[in-house]
Amino acid sequence: MSFLTILFATLFYFATAVLLFGVGYKIWQYAITPAPLKIPVMPAPITKLGVVLRMTEEIVLFKSLFKSNKWIWIFGWMFHLALLLVLLRHLRYFQEPVWWWVNLIQPFGKYAGFAMVIGLLGLITRRIVVARVRYITAPSDHLMLVLIISIALTGLAMRYILRTDIVSVKAFMLGLLYLDVQPIPTDWLFLTHITLVILLLLVFPFSKLLHVPGVFFSPTRNQVDDAREKRHIANWAVKLDATRKS
Amino acid sequence: MANFETPELKDYIEVPLPQIGVMEGEGPFKAKPEHQEALGFPGELIDDWENVAVNKLGDLVNRYRGLRVFLDSCVKCGACTDKCHYYLGTTDAKNMPVARQDLLRSVYRYYHTPAGKFLKKFGMEKLIGARKLTEDVINEWYNYFHQCSQCRRCSVFCPYGIDTAEISMAAREVLDHIGIGQKYCNEIIGKVYKIGNNLGLPEPALANTLEGLEEEIEEDIGVAVKLPLDQKGKDILLVTPSADFFAEPHVDGLIGYAKVFHQAGLSWTLSSHASEAGNFGMFIGSYENMQRVSMRIREAAIDLGVKRIVFGECGHAWRIAYSFLNTLVGPFDFLDPNYPVPQHILEVTHDLIQRGKLNIDASQNDHMTLTFHDSCNVARATRMGPKPGGQMTIPREVIKAVCNNYYDMPEDTIGEATYCCGGGGGILTDDLIEIRVKGAMPRMQALKTVVKENGVTHMAAICAICKSQFTKVIPYYGFTMDQIISVHQLVGDALVFESEISETSEESDETENEQE
C-alpha cells in the first residue's frame with residue numbers, strides 16, 4: 001500500500017472521529033445544560049406538536065431568516081438545500097448496491113453543485129459589499145466560505161472538466177467503510193477535494209458550524225409557551241428554592 | 001436639552017451605514033458600594049477581576065443553555081444587523097445586535113472554546129474574532145450593554161433565535177460580580193428590598209396617595225370608587241408598577257383599573273409589601289435577585305389571603321409575571337385554580353367586556369384618534385388569554401371596545417416586530433438620555449406615519465417604562481407629552497356609572513364567575 005493511501009486513510013478516519021466525538025460532545029453539552037427560565041420568543045406554540053411545527057419551519061424553510069432578509073434567505077437557503085442534495089448524492093460512493101432513492105436524486109444532485117456555488121458566492125459577496133455585514137465578519141467567516149466553495153468547485157471540476165476515475169474513488173471509499181483499505185486514486189483534483197473535506201470535518205466541532213446542532217437546542221424556538229400552566233424549574237434553581245422562606 | 005442631535009424623522013426608516021464610535025463613552029452612572037452590597041455584589045472593582053469575570057462567564061454558560069447555544073451558533077449572517085432600534089437611531093456599528101453580542105462572544109471564544117485556547121498560543125486569536133478580556137473590554141461592555149433594552153426584536157429575525165437580551169443580561173451579571181454595577185438598576189432593586197417598591201414610596205405615603213385618588217375619582221364621577229390597600233380577605237391582589245401611583249399618564253391607568261373592578265363588583269386590594277410589579281433583577285441578569293424581588297408577591301398573596309393575582313400595565317413586569325413567576329416563586333397552589341396565575345389586568349377587562357359586564361360608552365373617547373404601541377416584552381416574551389398572539393389582539397380589542405377611532409402603525413413596527421420605546425431594560429435614566437432619544441426614533445417615525453395618514457392624536461401604551469420614556473422623549477420629536485395614554489385610562493373614561501344609588505342593586509348581582 002502506498003504512503004499516500006495510508007496517509008489519507010488515517011486522516012479520513014481521524015477527521016471522522018473528531019467530527020463525531022466533537023459534535024457528539026457539544027450535543028451532550030447542550031442537552032445537559034439547564035434552561036432555567038421559559039424564554040420562547042412569542043407568539044410561541046402552546047403544545048409540543050406546535051413546537052415541532054415551528055422547528056420544522058425554521059429548519060426546513062429558514063422562516064425567521066425569510067422574515068428578516070430576502071437576499072440572505074435566497075442565498076443561504078439555496079446553498080443549504082443544494083448541500084443536502086449533494087451530500088445525499090454522495091451516498092452512492094459509500095454503498096453497493098446503491099439505494100433506489102439515491103439513484104432517484106442523482107440527476108438533481110449533479111446540478112445542485114452549481115446552485116451551491118451560486119449561493120455561496122452570493123453570501124461571500126454580501127460579506128464584502130454590504131458594509132454592515134463586512135463590519136461583523138471575522139477572517140474565519142471568509143475562510144469558511146472559501147473552504148466550502150473550494151470543495152464544491154473541485155467536486156464540480158471532477159465531474160464536468162477533468163473526470164476522475166470514479167470506480168477507484170468508490171473502491172477507496174468502500175474500503176474505508178469496510179476497514180479494508182484500497183489504493184487511493186492519485187488524481188490531484190480528487191486529492192485536493194478530499195483534503196479540503198477532511199479539513200472541513202476537522203474544524204466543524206470548533207467553529208460556527210455548531211449552528212447545525214445549535215439550532216435544535218435554541219430555547220427561544222424550542223420551548224412550549226406554558227409557563228403559567230406548568231412549573232418549569234432547573235436543578236440548580238431547586239437548591240435556591242430550598243432557601244426560600246415561604 | 002442635551003448636547004446631541006435628535007435623529008430626523010424621514011418618511012420611512014432608512015438603514016444607516018455603520019459608523020465607528022458614535023456612542024462610545026463611559027456608560028451610565030455606576031452603582032456606589034452600598035448599592036452593590038445590598039444585592040450581594042462586591043462594592044467596587046475587585047483586584048482579581050479578570051479571573052473572576054472569566055470564571056463567572058464560564059459559570060453562566062454552564063447554567064444557561066440559551067447563552068451557550070447562542071454564543072456558539074451565530075454564523076454572522078447579518079440578518080439582525082438592521083433590526084435594533086438603537087442601531088437605527090444611533091448608527092453606531094456596535095449597536096448592531098450581532099456586533100453587541102460579539103463584544104462578549106469574542107471573550108467567550110478566547111477563554112472558553114478549544115479554538116480560542118489553541119489559536120491564542122500562536123497569537124492568532126483574531127482569526128476567529130477572539131480577544132483577551134482587558135480593562136478596555138470591560139469598559140466597552142459596560143457602555144454598550146447599557147445600550148440594549150433587552151427587547152428581543154433581533155431574536156425574532158435570527159435564524160437560530162439568538163436573543164441579544166440573554167447576552168446583555170449575562171454581561172451585566174458578570175460586571176456586577178466584579179464590582180461594576182449600574183446605579184439606576186441596582187439602587188432601585190435595593191429600594192425594593194428596603195421599602196417595597198422601585199420609587200421608595202413607604203406605606204403611609206402610599207396609603208395617602210390612594211386616599212387622594214379616591215377623592216379625586218369621587219369628585220370627578222360622583223361615585224365612591226375605592227383603592228384598597230393591605231385589606232385581608234379580598235379576592236384579587238393587584239400588583240402594579242409603582243409609577244402607577246403618581247406618574248402621568250400612569251396614574252390614569254390605575255384609576256381605570258379601580259373603575260373596572262368597581263363596576264364589575266370584583267373585590268380587590270393592593271399590597272404595601274408588594275407595591276411594585278417591576279423587577280429589575282431581570283435587567284441585571286440575576287436569577288437570585290429576580291427571585292428575591294418576586295418573593296414579596298408570593299408573601300403578600302399568602303399574607304392577605306387572596307384568591308387571584310392580577311398584574312397592572314407593565315411590560316417587563318408582565319414578562320416576569322407571565323413567564324418566570326411560577327418558576328421563581330411558585331407553585332401557586334394556594335390560589336383559586338379557576339384562574340391563570342397571574343392574570344394581566346387586560347385579560348380581566350377583556351373578559352368582562354366579552355361577557356357584557358361593563359357599561360361602556362365609547363363616544364367618551366371620541367375626541368381622540370388612537371394607535372397602540374406594543375410593548376416589546378409583552379409582545380415577544382409573554383401571552384395574554386388562551387391563544388398565542390393574544391398579547392397583541394386583547395389590548396387592541398379592549399381599545400376598540402372603548403374608542404371609536406383606532407389605527408395601527410405600519411405592520412413591520414408592531415406586533416412581534418414592534419420597536420421598543422427606547423427606555424426598557426434598565427435604560428430609563430436621565431444619564432442615558434442620548435441613547436433613549438435616539439433609540440425612540442423608529443417608534444416615533446411609525447407614529448408620525450399614522451399621525452399624518454390617519455390623523456392619530458394619541459398613542460396608548462401598556463407599560464410603565466414605555467409611558468415614562470415616551471412622555472420624556474416625545475417632545476424631542478415635536479409631539480407633546482399628553483399624547484401618551486394608558487390603555488386603562490381609555491377604559492376608565494368610557495365606563496358609564498349610573499349613579500351611586502343604583503350601586504347597591506348592582507352589587508347584589510352575580511358578579512364573580514369569570515372563566516379564562
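The model is predicted: local features need pLDDT of at least 70, side-chain atom pairs count only at pLDDT 80 or more, and totals for chains, interfaces and linings use all residues. Residues are numbered from 1 along each chain as its sequence is written, while chains are lettered from A and ligands numbered from 1 in the order in which they are written.

**Chain A**

Select chain A, whose secondary structure comprises 12 helices and zero strands; helices (H or I, at least four residues) and strands (E, at least two) are DSSP runs, numbered from the N terminus. Its C-alpha atoms fill a box of roughly 75 × 40 × 40 Å along the principal axes. Of the 246 residues in chain A, 30% are buried, meaning that 20 or more other C-beta atoms, placed from the backbone, lie within 10 Å of the residue's own.

**The interface**

Next, display both chains. In chain B, 64 residues are in contact with 57 residues of chain A, where contact requires C-beta atoms, placed from the backbone, within 7 Å. Elements giving two or more residues to this side of chain B include α2 (49-63), α5 (97-112) and α14 (315-329). The largest share, seven residues, comes from α13(B).

**Helix α10 of chain B**

Select residues 183-194 of chain B. At 1.5 Å a residue, the 12 residues of this helix should span 16 Å, which agrees with its end C-alpha atoms being 16 Å apart; the expected span is 1.5 Å times one less than the number of residues. Among its buried residues are Tyr184(B), Ile188(B) and Val192(B). The buried residues of α10(B) pack against α1 (33-38) and α13 (287-304) of chain B. Just after the helix, Gly196(B) takes a positive phi of about 120 degrees.

**The sheet of chain B**

Now select β5, β6 and β7 of chain B, an open sheet of three strands in that order with parallel pairing; strands pair if DSSP finds at least two bridges between them. The edge strands are β5 (370-372) and β7 (484-486) of chain B. Three bridges join β5(B) to β6 (residues 458-461) of chain B, and Phe372(B) has Ala460(B) as its bridge partner in β6(B).

Axes are lines fitted to C-alpha atoms, for helices over the stretch in contact, and angles run from 0 to 180 degrees between N-to-C directions. Finally, select helix α21 (residues 487-494) of chain B, which lies across β6 and β7 of chain B at about 65 degrees to β7(B).

Technical notes: A residue is buried if 20 or more other C-beta atoms lie within 10 Å of its own, exposed if 12 or fewer, and partly exposed in between; C-beta atoms are placed from the backbone. Two residues are in contact if their C-beta atoms, placed from the backbone, lie within 7 Å.
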